[in-house]
Amino acid sequence: MMVVLALMVKASSRGPFLFRQNRVGRNGEEFPVLKFRTMYSHRENNSGPLVTRSGDRRVTPVGRWLRKWKLDELPQFVNVLRGEMSLVGYRPDMLEYMQTLTGQDRNIQYFRPGITSPASLRFRNEEQELAKVRPEEMEQFYVSNLLPQKVRMDLDYAERATFLTDCHVLLRTALSILWHRG
């Protein structure tokens, strides 16, 4: 399946099929998170904000489909195999955003990040939330509103997580993908 998806990404636009971006993981160490590329390559997309909103023109048609079904995340299983991520844990973010965390929120970095989490489920449609904000205020809204909410949710979960609760999050994630209504 991953080979077919890689070929679809490669055939749909110029550039590599994988997207690598440094993210902050356990103990504040950076690592390259892997995803299927969903945006036009840097030369084609004219850059822009680090967060994306629904309707972002930088996202390719294939990328929109991959994001809808969360298939762009599949290469992160390589990050799991490397020990950089786990299946369940907070979503790793970029250093510039993680540096904005204050107080107890910074404790999230003591945990291993993951592919899914309670906050990932709650904010599954984050791009639509960001689309409600003016483009020039989007990153500030993310840093001051969405990121702290996600971190607090995942911190609360991490402090009481068990094998069974992780299984429950994985099941809820699978169900949210399978029964997603776009």
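Modeller: Of the chain's 182 residues, 44% are buried (under 20% relative accessible area, with over 50% called exposed and the range in between partly exposed; 1.4 Å probe, protein chains only). This is a predicted model, where local features need pLDDT of at least 70 and side-chain atom pairs pLDDT 80 or more, while totals for chains, interfaces and linings use all residues. Residues are numbered from 1 along each chain as its sequence is written, and side-chain values use heavy atoms, leaving out hydrogens and water.

The accessible surface of the chain is about 10,500 Å² (Shrake-Rupley method, 1.4 Å probe; for residues, only the protein chains shown count as cover), and carbon and sulfur atoms hold 56% of that surface.

Now to your patch: Leu171, Leu175, Leu178 and Trp179 make up a nonpolar patch on the surface, and together they have about 450 Å² of accessible area. Patch members have over 30% relative accessible area and no salt bridge, with nonpolar side chains (Val, Leu, Ile, Met, Phe, Trp, Tyr) joined within 5 Å and like charges within 9 Å; a salt bridge puts a side-chain nitrogen of Lys or Arg within 4 Å of a carboxyl oxygen of Asp or Glu. Leu175 lies in helix 9, residues 163-178, and is partly exposed because its relative accessibility is 39%.

Note on methods. Helix = DSSP H or I, 4+ residues; strand = E, 2+ residues; numbered from the N terminus.
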